[in-house]
Amino acid sequence: MTRLGRLRATSAPEGTAREVNRKKQQDYLKNFLRANDFPTVHSSRAAAFQGVEEMVYPIHGAAILGCPRLLRLILLAGGDPLQATEPSGRRPIDLAREVNREGSHDEVLELLSSEVKVLHLRDAMALMRQTTPETPKSTRRCRSTRVSL
């Protein structure tokens, strides 16, 4: 069971705004995984990217899409930001750099290059009580969940 699945089992009563939002996030991630033939966030599959045949993971697809929302969901579900493709050993950040055009993947590159941790709300609230840094909200909307791999 993924972390998102465990969250659902211990969440607020169905129908609350929090539960509806969590369900939308789960559905968004499931749709991405299904559309790209990944059974789970930890599964790999063969793909050809820029003429190279290799085994890729969902986090590589999110990096190629340049979708920070999807990347955060994969990280929250336990995706490894350092996961390398096989056999070439390219990491998600490497793939995002390859397709970055005029800043199209800047937010994804920032997430992957920094030591940003994706936290559950409870953990984030505990950290916010300690410090209150200003962080900009992502304004980028992802157009598609299908990756051409």
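This report walks through the fold, the core, the charged pairs and one surface patch of a predicted model.

## Ground rules

Since this is a predicted model, local features need pLDDT of at least 70 and side-chain atom pairs count only at pLDDT 80 or more, while totals for chains, interfaces and linings use all residues. Residues are numbered from 1 along each chain as its sequence is written, and side-chain values use heavy atoms, with hydrogens and water left out.

## Overall layout

The chain has 7 helices and 2 strands. Read from the N terminus, the order is α-α-β-β-α-α-α-α-α. Helices (H or I, at least four residues) and strands (E, at least two) are DSSP runs, numbered from the N terminus.

Of the 149 residues in the chain, 34% are buried. Here buried means under 20% relative accessible area, exposed means over 50%, and partly exposed is in between (1.4 Å probe, protein chains only).

## The nonpolar core

The largest nonpolar core holds 30 residues, and L29, L70, L71 and I74 touch the most other members. At least two core residues each come from α2 (17-35), β1, α3 (58-65), α4 (68-76), α5 (92-99) and α6 (106-113). The largest share, 5 residues, belongs to α4. A core in this sense is a set of buried Ala, Val, Leu, Ile, Met, Phe, Trp, Tyr and Cys residues joined through side-chain atoms within 4.5 Å.

Over in helix α6 sits V108, which is buried at a relative accessible area of 0%. The C-alpha atoms of V108 and I93 are 8.0 Å apart, although 15 residues separate the two along the chain.

## Salt bridges

Searching the whole structure turns up 6 salt bridges, each being a side-chain nitrogen of Lys or Arg within 4 Å of a carboxyl oxygen of Asp or Glu. One of them pairs E54 with R90, with the closest N and O atoms 2.2 Å apart. E54 lies in strand β2 (residues 52-56) and R90 in the loop between α4 and α5, so this pair ties together parts that are 36 residues apart in sequence. Both E54 and R90 are buried, and together with E98 they are linked in a network of salt bridges.

Another pair, D27 and K23, has its closest N and O atoms 3.0 Å apart. These two are 4 residues apart in helix α2, so about one helical turn separates them. D27 is partly exposed, with a relative accessible area of 27%, and K23 is partly exposed at 35%. D94 and R91 also meet in a salt bridge, at 3.3 Å from N to O; R91 is partly exposed, with a relative accessible area of 31%.

## A buried arginine without a partner

R45 sits in strand β1 (residues 45-49). R45 is buried yet has no salt bridge, and the nearest side chain of opposite charge, D37, is 4.9 Å away. For charges, Lys and Arg count as positive and Asp and Glu as negative; His and the chain ends are not counted. The R45 side chain does reach the backbone oxygen of N36, at 2.5 Å.

L121, M125 and M128 make a nonpolar surface patch of about 280 Å². L121 belongs to helix α7 (residues 121-130). Patches use residues with over 30% relative accessible area and no salt bridge; like charges are joined within 9 Å, and nonpolar side chains (Val, Leu, Ile, Met, Phe, Trp, Tyr) within 5 Å. The areas come from the Shrake-Rupley method with a 1.4 Å probe, and for residues only the protein chains shown count as cover.

Terms used
Polar contact = N/O pair within 3.5 Å; in protein donor to acceptor, adjacent residues only side chain to side chain.
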